[in-house]
Amino acid sequence: MAKNNKQVYDSRLAKSVFNIKHQRTFCMVKPDGVMRGLVGEILRRIEKSGLRIVAMKMLVPNQEIIKKHYPASDEAWVKRLGDKGISALEGLNLDVVETYGTDDRRELGDMVVKSLIEYMQSGPCVAMVVEGVQAIDMVRKLAGSTIPSQAEMGTIRGDFSVDTPAVANVEKRAIHNIFHASENAAEAENEIKLWFAGEKIHDYSLAGDEVMYNKHY
Ligand code: GDP
Ligand code: MG
């Protein structure tokens, strides 16, 4: 009996560990990243971290997919976009209404959503699915903060972009921050389903997996 219980426990644990090691996330080099020739650099950073690229394609997304990708009907999400712009003015000595034309979070968020649709269609994107240990948080770490002027050096956004809502919102465009990455498990699942619907997600091991995860001593 005890032995059976142990077997169940072991296989459950093994499954959990397998799931942690094979977590999948969605990420994308945005049109400004592609046009600046940063695809290779970004892929290099993902691969160097030990994560696996398990699906990848280049496309100019249509409006429909962008609208599904950015949940414009989710009021809380849209307001959060507005908030980001408002808090980015802190310390800049700029009046919110004078700078953005409004201090209404929803209105500001709607403006950003509109500009995101134009931005994401301004050229080809490179979309991919990345897999590995806690891939969702790992790829967000590689990406860095949304607002490039606040993103840490060493991150994709921090190293290769400099932009802020204080400039982008006034110019009625999205913040150009090179790279997208799913923020959490729900986003990752939805975005993988949306961008790679019915497409093959590959399965392979990296040569480095052996040294990274196997107790070979
Ligand atoms: P992300 O998950 O880090 O990409 O950030 P969000 O999901 O909050 O925002 C989606 C995208 O909208 C960002 O990557 C930016 O391109 C753009 N964006 C976010 N906040 C602002 C803002 O305050 N102003 C403008 N113009 N664009 C923004
Ligand atoms: Mg996001």
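Biologist: Which atom of ligand 1 sits 2.9 Å from an N or O atom in the side chain of Glu183?

Modeller: An oxygen atom of ligand 1 does. A polar contact here is a pair of N or O atoms within 3.5 Å; within protein, one has to be able to donate a hydrogen and the other to accept it, and residues adjacent in sequence count only if both atoms are side-chain atoms. Bear in mind that this is a predicted model, where local features need pLDDT of at least 70, side-chain atom pairs count only at pLDDT 80 or more, and totals for chains, interfaces and linings use all residues, while side-chain values use heavy atoms, without hydrogens and water. Residues are numbered from 1 along each chain as its sequence is written, with chains lettered from A and ligands numbered from 1 in the order in which they are written.

Biologist: OK, and what about backbone atoms, say Leu81 and Gly85?

Modeller: A backbone N or O atom of Leu81 is 3.5 Å from a ligand oxygen, and a polar backbone atom of Gly85 is 3.3 Å from one. The protein covers 99% of the 550 Å² of accessible area that ligand 1 has on its own (Shrake-Rupley, 1.4 Å probe; for residues, only the protein chains shown count as cover).

Biologist: Which residues come nearest to ligand 1?

Modeller: Of the 21 around it, Lys84, Thr146, Asn169, Arg173 and Asn177. "Around" takes a heavy atom within 4 Å.

Biologist: Switching topic: which residues touch the most other members of the largest nonpolar core?

Modeller: Leu116 and Phe196, in a core of 24 residues. Such a core is a set of buried Ala, Val, Leu, Ile, Met, Phe, Trp, Tyr and Cys residues joined through side-chain atoms within 4.5 Å. Buried is under 20% relative accessible area, exposed over 50%, partly exposed in between (1.4 Å probe, protein chains only).

Biologist: Which element gives the most to that core?

Modeller: α7, with six residues. Helices (H or I, at least four residues) and strands (E, at least two) are DSSP runs, numbered from the N terminus. Apart from that core lies another, of 21 residues, including Leu51 and Phe179.

Biologist: Where's His180, and is it buried or exposed?

Modeller: His180 is in strand β4 (residues 179–181), and it's buried at 7% relative accessible area. Its side chain makes a polar contact with that of Glu191, at 2.9 Å. Leaving out residues up to four places away in sequence, His180 also touches Phe26, Cys27 and His69, among others; a contact is heavy atoms within 4.5 Å.
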